[in-house]
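Here is a short briefing for a reader meeting this structure for the first time. Look through the sequence and the model, then read the points below.

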Amino acid sequence: ISLHGARGIEIKPRAYERYADALAAHGIDTYFLRYMTSADMAALTATTHEVREAYETTRFDGWADTVAATVTAVLDRPDSSGRIGLLGFSLGSYIAAEAAARDSRVAALAVLYGGMPKAMTTKLNLLPPLIGLHGEADKNVPIEEGRQLVALGKSVGAETEFVPYPGRAHGFDFSESDPMAQDAIDRVTRFFQARLAA
């Protein structure tokens, strides 16, 4: 289940599709979850950074509930393998991390330039195997957020991997020409293939 960033999937649909295509080539279906309401989109696009962060804090639980309902729906499909992974980008990474921490049915978590919502860090007692990828030059989400998520995973016994990308900014993997974008797609694909493929 793929969770887009705060600007929605429409801003760069092909970037998200490249992950889905790579996963599909290895027999893994991808579901794009539109977790935001129109009110969420309005709140996150028409305000300052500080106001957006405050708004997000009030919505993480609701968004994670939407992910849990989607996990249930996917698992209930007759063609389900019974193994679910969450793939989050930016804001979607925070939501994926919280959802995975609340739901033992999630078998794998891939986080791109994100972390764990602060309110969840003290309640955490489980995380699935996780991989975090983060540009070292990210000015939107500090790389420390990604490192902290991996440390939290280790603290509850999860298998973890953290991949820093020197000189890369937020959303570096959306580039059509940066070779590190393909590296990120390949790493995420291998990670999910090892944990989800039949």
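**A serine in helix α4**

S93 is found in helix α4. The model is predicted.

**S93 and its surroundings**

- Is S93 buried or exposed? With a relative accessibility of 0%, S93 counts as buried, because the cut-off for buried is under 20%.
- S93 touches G88, V111, L112, G114 and G115, leaving aside residues up to four places away in sequence.

**Nonpolar cores**

- The largest nonpolar core has 37 residues. Within this core, L86, L109, M116 and L127 touch the most other members.
- Five elements each supply at least two residues of this core: α3, β3 (84–89), α4, β4 (106–112) and α6 (143–155).
- Which element gives the largest share of this core? That is α4, with eight residues.
- M116, one of the residues of the largest core with the most contacts to other members, touches Y94, A97, E98, A101, T121, L124, L127, L149 and L152. That list does not count residues up to four places away in sequence.

**Helices α3 and α4**

- Helix α3 spans residues 49–75, and helix α4 spans residues 91–102. They pack at an angle of about 60 degrees, and their axes are 9 Å apart.
- The two helices, α3 and α4, are therefore oblique to each other.
- The crossing in which α3 passes α4 is right-handed.
- On the α3 side, E56, F60, D61, W63, A64, D65 and V67 take part in the contact. They meet L91, Y94, I95, E98, A99 and R102 in α4.
- The residues of this contact of α3 with α4 comprise eight nonpolar, no polar and five charged.

**Helices α1 and α7**

- Helix α1 covers residues 13–24, and helix α7 covers residues 179–196. Their axes come within 9 Å and cross at roughly 45 degrees.
- That angle makes α1 oblique to α7.
- The crossing of α1 and α7 is right-handed.
- Which residues of α7 do R18, Y19, A22 and L23 in α1 meet? They meet A181, A184, I185, V188, T189 and F192.
- By class, the contact of α1 with α7 holds eight nonpolar residues, one polar and one charged.

Note on methods
Residues numbered from 1 in each chain as written. Predicted model: local features only at pLDDT ≥ 70, side-chain atom pairs only at ≥ 80, totals over all residues. Heavy atoms only, no water. Axes fitted to C-alpha atoms, helices over the stretch in contact; angles between N-to-C directions. Helix = DSSP H or I, 4+ residues; strand = E, 2+ residues; numbered from the N terminus. Parallel < 35°, antiparallel > 145°, perpendicular 65-115°, else oblique. Left-handed = near helix turned anticlockwise from the far one by under 90°. Contact = heavy atoms within 4.5 Å. Nonpolar A, V, L, I, M, F, W, Y, C, P; charged D, E, K, R; others polar. Core = buried A, V, L, I, M, F, W, Y, C linked by side-chain atoms within 4.5 Å. Buried < 20%, exposed > 50% of the residue type's maximum accessible area, 1.4 Å probe, protein only.
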